[in-house]
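Colleague: I'm new to this one. Could you walk me through how some of the helices pack?
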Amino acid sequence: MEVGAWADFAVATAGASAALTGLVFVAVSINLARILEFRDLPKRTAQTLVLFLGPLFLSLLILIPGQDTGVLGVELVILGLAVGALLLALSHQRPAEETKASFYFSRLLPSALTAGFTVTAGISLIAGADGGLLWTVPAILAAFIGGIGNAWVLLVEIQR
């Protein structure tokens with residue numbers, strides 16, 4: 001797999017990730033007092049940052065010039081495991097005020113998909129198997145969708 005062919009995708013992802021991370025900081029700065037009124041919302045804020053920063057780091061790893069695909073694979077496995085561990089630590093327990101469906105679909109599913117597909121991409125690169133960096137696409141989409149849902153809660157739903 002030619003990693004260099006993914007440069008434009010990685011640049012676009014890094015830009016989107018940085019912009020979305022900025023959105024979280026705006027949401028938090030606007031609603032900080034309200035966020036702090038809820039026990040779980042600071043953790044949800046941190047989860048959102050991890051969901052948006054994971055694709056940024058993933059993109060930066062892809063953009064390292066001249067990097068061997070096996071090395072990139074190892075880096076992606078490490079990144080996926082680190083992101084997964086952070087997301088699990090931030091969302092391992094459902095808050096009483098959140099429904100099970102909301103918790104599973106807005107918190108656990110994006111976290112598991114983001115980490116799982118990132119690790120899968122890394123393993124695929126290491127093994128030289130089919131898929132390779134294609135596995136990063138659902139990882140990034142899951143991260144962005146989950147993060148945008150959380151950002152919506154932090155910016156809009158918190159005012160209800």
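Modeller: One term to start with: a crossing is left-handed if the near helix is turned anticlockwise from the far one by less than a right angle, and right-handed if clockwise. This is a predicted model, where local features need pLDDT of at least 70 and side-chain atom pairs count only at pLDDT 80 or more, while totals for chains, interfaces and linings use all residues. Residues are numbered from 1 along each chain as its sequence is written, and side-chain values use heavy atoms, with hydrogens and water left out.

Colleague: OK, which hand is the crossing of H1 and H5?

Modeller: Left-handed. Helices here are DSSP runs (H or I, at least four residues), numbered from the N terminus.

Colleague: And at what angle do the axes of H1 and H5 cross?

Modeller: Roughly 20°, with the axes of H1 (residues 7-36) and H5 (residues 136-155) coming within 9 Å. Axes are lines fitted to C-alpha atoms over the stretch in contact, with angles from 0 to 180 degrees between N-to-C directions. H1 and H5 are therefore roughly parallel (angles under 35 degrees).

Colleague: Which residues make that contact?

Modeller: Among them are Phe9, Leu20 and Ile35 of H1, and Ile140, Phe144 and Leu155 of H5. Contact means heavy atoms within 4.5 Å.

Colleague: Switching topic, how do H4 and H5 cross?

Modeller: The axes of H4 (residues 100-127) and H5 cross at roughly 155° and come within 8 Å. That makes H4 roughly antiparallel to H5 (angles over 145 degrees). The crossing of H4 and H5 is left-handed.

Colleague: What meets what there?

Modeller: Residues including Arg107, Pro110 and Phe117 in H4 meet residues including Pro138, Gly146 and Asn150 in H5.

Notes
Helix = DSSP H or I, 4+ residues; strand = E, 2+ residues; numbered from the N terminus. Parallel < 35°, antiparallel > 145°, perpendicular 65-115°, else oblique.
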